[in-house]
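What follows is a short report on one protein model.

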Amino acid sequence: MWTAIWATLYFYADRLIGIYRGGGEGLEFKIPTFNQDVLLEYWPVVVVIIVLEVALAFYKLIIGQWTKRMAIFNTVLELFSTIVFIFILLNPNLLQQEFVRFMTDLFSISAEQFTNWLLGGIIIVFVFYAGMSIYDGIRKSRIQ
């Protein structure tokens, strides 16, 4: 389920993730956060990650319990995914300049401070959850 959500957010980021403003008819999307052209430069490797995630999900469904092989596959996949997404996040053209300007005006900080704060925070969260997934997979594979 999460793979489908992340894939949708990735491939439609320019229409889903950004600044929304309330209007007479509800929320209206105003400024996208990410430069979709930059995200689409990486689509082949992202599709590989999605396919591997789906394969792991089916493998878990078929086997019915975590195995050491599954834990190793999960670890490699999490490490690979983390490296790829950090690489994508470090692309200097990833964020829309209009979004950065809006946020720097809102928080009264420099563009560099905002970018470092936002992308650094995303990287920390991504690494944390990847580490939790790796730990959880290894722990589950030992319970038999």
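A residue counts as buried under 20% relative accessible area, as exposed over 50%, and as partly exposed in between. Asp 14 has a relative accessible area of 24%, so Asp 14 is partly exposed. The model discussed here is predicted.

**Salt bridges**

Asp 14 has a charged partner. Its side chain meets that of Arg 15 in a salt bridge, 3.9 Å from N to O. Arg 15 is exposed, because its relative accessibility is 53%. Side chains of opposite charge can pair when their charged atoms come close.

How many salt bridges does a search of the whole structure find? The search finds four.

| Pair | N to O distance |
|---|---|
| Arg 15 and Asp 14 | 3.9 Å |
| Lys 30 and Glu 28 | 3.5 Å |
| Arg 139 and Asp 136 | 2.6 Å |

Take Lys 30 and Glu 28. Lys 30 is partly exposed at 44% relative accessibility. Glu 28 is partly exposed, also at 44%.

Arg 139 and Asp 136 both belong to helix H7. They sit three residues apart, about one turn of the helix. Arg 139 has a relative accessible area of 36%, so Arg 139 is partly exposed. Asp 136 is partly exposed too, with 25%. Salt bridges with shared partners join Asp 136, Arg 139 and Lys 140 into one network.

Glu 78 lies in helix H5, residues 68-89. Glu 78 is buried, yet it has no salt bridge. Which side chain of opposite charge is nearest to Glu 78? It is Lys 60, 7.9 Å away. A salt bridge needs a side-chain nitrogen of Lys or Arg within 4 Å of a carboxyl oxygen, so Lys 60 does not qualify as a partner. Glu 78 does have contacts. Leaving aside residues up to four places away in sequence, Glu 78 touches Glu 53, Ala 130, Ser 133 and Ile 134.

**Aromatic pairs**

The count of aromatic pairs comes to nine. One of them is Tyr 10 with Phe 11: the ring centres are 5.1 Å apart and the planes stand at 80 degrees, so the pair is edge-to-face. Tyr 10 is buried, with a relative accessible area of 9%. Phe 11 is partly exposed, at 24%.

Phe 107 and Trp 117 make a tilted pair. Their centres are 6.4 Å apart, with 55 degrees between the planes. Phe 107 belongs to helix H6 (residues 97-107) and Trp 117 to helix H7 (residues 111-142), so the pair ties together parts ten residues apart in sequence. Phe 107 is partly exposed, at 44% relative accessibility. Trp 117 is exposed, with a relative accessible area of 57%.

Together with Phe 85 and Phe 126, they form one aromatic cluster.

**The loop between H6 and H7**

Ser 108 lies in the loop between H6 and H7. Its phi is near 55 degrees, a positive value in a residue other than glycine. Is Ser 108 buried or exposed? Ser 108 counts as exposed, because its relative accessibility is 64%.

**The largest pocket**

The largest pocket has a volume of about 1300 Å³. It is lined by 36 residues. Closest to its centre are Trp 2, Trp 6, Glu 53, Phe 85 and Phe 126. Some of these names have come up already. Phe 85 and Phe 126 belong to the aromatic cluster, and Glu 53 touches Glu 78.

Which elements give two or more residues to the lining? They are helix H1 (2-11), helix H4 (43-63), H5 and H7. H7 supplies the largest share, nine residues.

**Overall fold**

The protein has seven helices and two strands. Along the sequence, the pattern is α-α-β-β-α-α-α-α-α. The C-alpha trace spans about 55 × 35 × 25 Å along its principal axes. Of the 144 residues, 31% count as buried. Among contacts between residues at least 6 apart in sequence, 63% join residues at least 24 apart.

Methods: Residues numbered from 1 in each chain as written. Predicted model: local features only at pLDDT ≥ 70, side-chain atom pairs only at ≥ 80, totals over all residues. Heavy atoms only, no water. Phe/Tyr/Trp six-rings, centres within 6.5 Å; stacked < 30°, edge-to-face > 60°. Buried < 20%, exposed > 50% of the residue type's maximum accessible area, 1.4 Å probe, protein only. Helix = DSSP H or I, 4+ residues; strand = E, 2+ residues; numbered from the N terminus. Lys, Arg positive; Asp, Glu negative; His and termini not counted. Contact = heavy atoms within 4.5 Å. 1 Å grid on protein atoms, 1.4 Å probe; cavity = no way out; pocket = protein on both sides within 12 Å on 5 of 7 lines; lining within 4 Å. Points joined across faces, edges and corners; volume = space filled by probe spheres on them.
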